[in-house]
Structures are given as structure tokens and as C-alpha cells.
Amino acid sequence: MDMIKKILSEIIKLISTKVFLIVAVIMIPIQSALAYISARQILSVGLDAVPTEDNGLIEAMPPIEYFGFDVVMLSVMALIVLGAIFGAMEYKRHCMRTTLVYMGNRRDLLISKTSAVVLLAFALSLISVFTTILVTHLTFGGQGLPLVVFNSTVWKFILSTSISLTAVTVLSYAMGFIFKTSIVPMIFLIVQAYNIGELLASKFSICRYLPIHLSNSLIPSSPDIYSEVPVRTFLILLAWILIFMVTGYVMFSRKDLRGEY
């Protein structure tokens, strides 16, 4: 019960930050507006369109279950920033010692803070993805899937995408916590998100294990990109998170904070 109170305390603290509100606005109303624009463009071409000289399509439209998920890619960079700032927040504000006094020990602090980040990231991701897909099919009208119900494939995609976005957030958070700054995870992850990760993955097989490439392959923006074995992809992404989380815990538990923090 005491741990639940600590987690709730961390959730309230994180929700109250300016960066959370900004990211929430980007991921829900702004992303939904982009989903509407994208759906209107798809309707103008046709949900079943194939490449012709007139429409300029490079390839045929994917199955209807895939529509809307390309817009979700906007959330990736927003959540990278959110996670990085959350991870470094106590250090940046020089209030780590104060937080430790409230939490009682370093283990409780790390557990409660990490749990709060995971819960917030998943809730925000799930709401954002669901709203985006809902707006997409609402715009399609009679040509879209039944609203809210959708079908089992779409719900599998929604869950997979939400887990992917949560994993990216937690990884960025773990890196921010280790390096005590948001700059390092932003540079490492955002550079990958700007298609550099996909470019490297196409040229070097080892780069297919970079975290953003793994994350993107759990978001069904197209049939070609979506992972053939999502569980395996997630487990590799989870390994990235565990490496940084365990390293962060070891460093945090053994290193003296000194007066700086």
C-alpha cells in the first residue's frame, strides 16, 4: 500500500510537468487532426487504389487495418523527449536528495518512478493510438470499419503500437536517468527516428537491432514494415531497456550523490 502511494505521488508529479501537457497535446488533438487530413487524402485516391499514371501511387493501398498507423509515427519523437526529460528531471532540478527523503531508499525511488513512467506512457500511448484510428475510420464513413469495435486485427495493432511507444519512452527515460541529462538519449534515439536508423538497418544487418528500428517494426504503418514475429521483436527491445535499467540501478545504488544533486 505504501508503494502504491509512492507511485501515485510520482504520477501526479509527472502529470503536472509542462512537458507532459505539451506531449499530450501533440499526441492526441494534433495527431488526430493529422489522421483526419491523411484519411481525407486516402479517400480522394480510394481505399482499394492501385498504382496508375493518374494517382501517382508507388504501390497498392494496404489492407484497411493498416490505415492510420503511419500517423502514429509522430508520437515516437515526442515520447523520446518525454522519457529523456523524466529520466533526468530529479538531477536537473537538483532535488534528488529531497525525493530520496520522501521515498525512504533508492530502490523504492527507482521502482516508483519507473512504474509511474511506464503507466503514464502506456495510458497516453493507448489513448493516442485509439483516438487516431477512431478518427481515421470515422472519416472513412461507411467505407471504414465499425467504430470502436473495429476488428481483432486492428486491436492487435493498437496494442502492439502502444507497447512499442511505451518501450521507447522507458528506454529514453532509463538513458536520461543514467546520464543525468536528457541530451544523450535525445541524440541517440531522435537521430535514429529521423530515418537514419531505417537507412542503417537497410544497409547493415546488425543495425536492425537498433531500438528505434525495432520499435518501428511493431507499428503497422505498412505490411512490409510490420514485424513477422512481434513477440521476438519486443523481447529484443526489452533487452535494450533492461540493460540500461540494471546499469542505472547499479550506478544509482553505489554512487554518492554529493551535494550537487
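Two cavities of 30 Å³ or more sit inside this structure; a cavity here is a set of points on a 1 Å grid over the protein atoms alone where a 1.4 Å probe fits but cannot get out. This is a predicted model, where local features need pLDDT of at least 70 and side-chain atom pairs count only at pLDDT 80 or more, while totals for chains, interfaces and linings use all residues. Residues are numbered from 1 along each chain as its sequence is written, and side-chain values use heavy atoms, with hydrogens and water left out.

**The second largest cavity**

- Its volume is about 30 Å³, a volume being the space filled by probe spheres set on the points, with grid points joined across faces, edges and corners.
- L110, A174, F177, F244, M245, G248 and Y249 line the second largest cavity, where a lining residue has an atom within 4 Å of a point.
- Helix 6 (152-179) and helix 9 each bring at least two residues to that lining, and helix 9 gives the most, with four residues. Helices are DSSP runs (H or I, at least four residues), numbered from the N terminus.
- By residue type, the lining of the second largest cavity has six nonpolar, one polar and no charged. Ala, Val, Leu, Ile, Met, Phe, Trp, Tyr, Cys and Pro count as nonpolar, Asp, Glu, Lys and Arg as charged, and the others, Gly among them, as polar.

**Pockets**

- A pocket is an open set of points with protein on both sides within 12 Å along at least five of seven lines.
- The largest pocket comes in at about 410 Å³. Its lining runs to 17 residues, and H213, S217, S227, R232 and T233 lie nearest the centre.
- Helix 8 (211-216) and helix 9 (230-254) each supply at least two residues of the largest pocket's lining, which splits into seven nonpolar, five polar and five charged.
- The second largest pocket holds about 350 Å³ of space. Of its 16 lining residues, E59, M61, P62, F67 and S221 lie nearest the centre.
- Nine nonpolar, four polar and three charged residues make up the lining of the second largest pocket.

- M61 is found in the loop between helix 2 and helix 3. Its C-alpha atom is 5.8 Å from that of D48, 13 residues apart along the chain.
- Setting aside neighbours within four places in sequence, M61 is in contact (heavy atoms within 4.5 Å) with I42, V45, G46, L47, A49 and F67.

**Aromatic pairs**

- There are twelve aromatic pairs: rings of Phe, Tyr and Trp (its six-membered ring) pair if their centres lie within 6.5 Å, and planes under 30 degrees apart count as stacked, over 60 as edge-to-face and the rest as tilted.
- F67 and F140 make an edge-to-face pair, 5.6 Å centre to centre with 80° between the planes. This pair links distant parts of the chain, 73 residues apart: F67 is in the loop between helix 2 (18-45) and helix 3, and F140 is in helix 5.
- F67 is buried at 4% relative accessibility, and F140 is buried with a relative accessible area of 4%. Buried means under 20% relative accessible area, exposed over 50%, and partly exposed in between (1.4 Å probe, protein chains only).
- F177 and F252 are another edge-to-face pair, at 5.1 Å centre to centre and 70° between the planes. F177 lies in helix 6 and F252 in helix 9, so the pair ties together parts 75 residues apart in sequence.
- F177 is buried, with a relative accessible area of 4%, and F252 counts as buried at 4%.
- Y66, F69, F157 and Y226 form one aromatic cluster.

**Helix 4**

- M96, T99, L100 and M103 are buried in helix 4 (residues 96-103). Seen down the helix axis, these buried residues fall within an arc of 100°, so they line one face of the helix; the arc is that of the directions from the axis to the C-beta atoms.
- T98 and V101, on the other side of helix 4, are exposed.
- The cover over the buried residues of helix 4 includes helix 1 (2-15), helix 3 (74-92), helix 5 (106-140), helix 6 and helix 9.
- After helix 4 comes G104, with a positive phi near 100°.

**Q31**

- Q31 lies in helix 2 and counts as buried, at 0% relative accessibility.
- Leaving aside neighbours within four places in sequence, Q31 is in contact with I26, V71, V72, L74, S75, S128 and T132.
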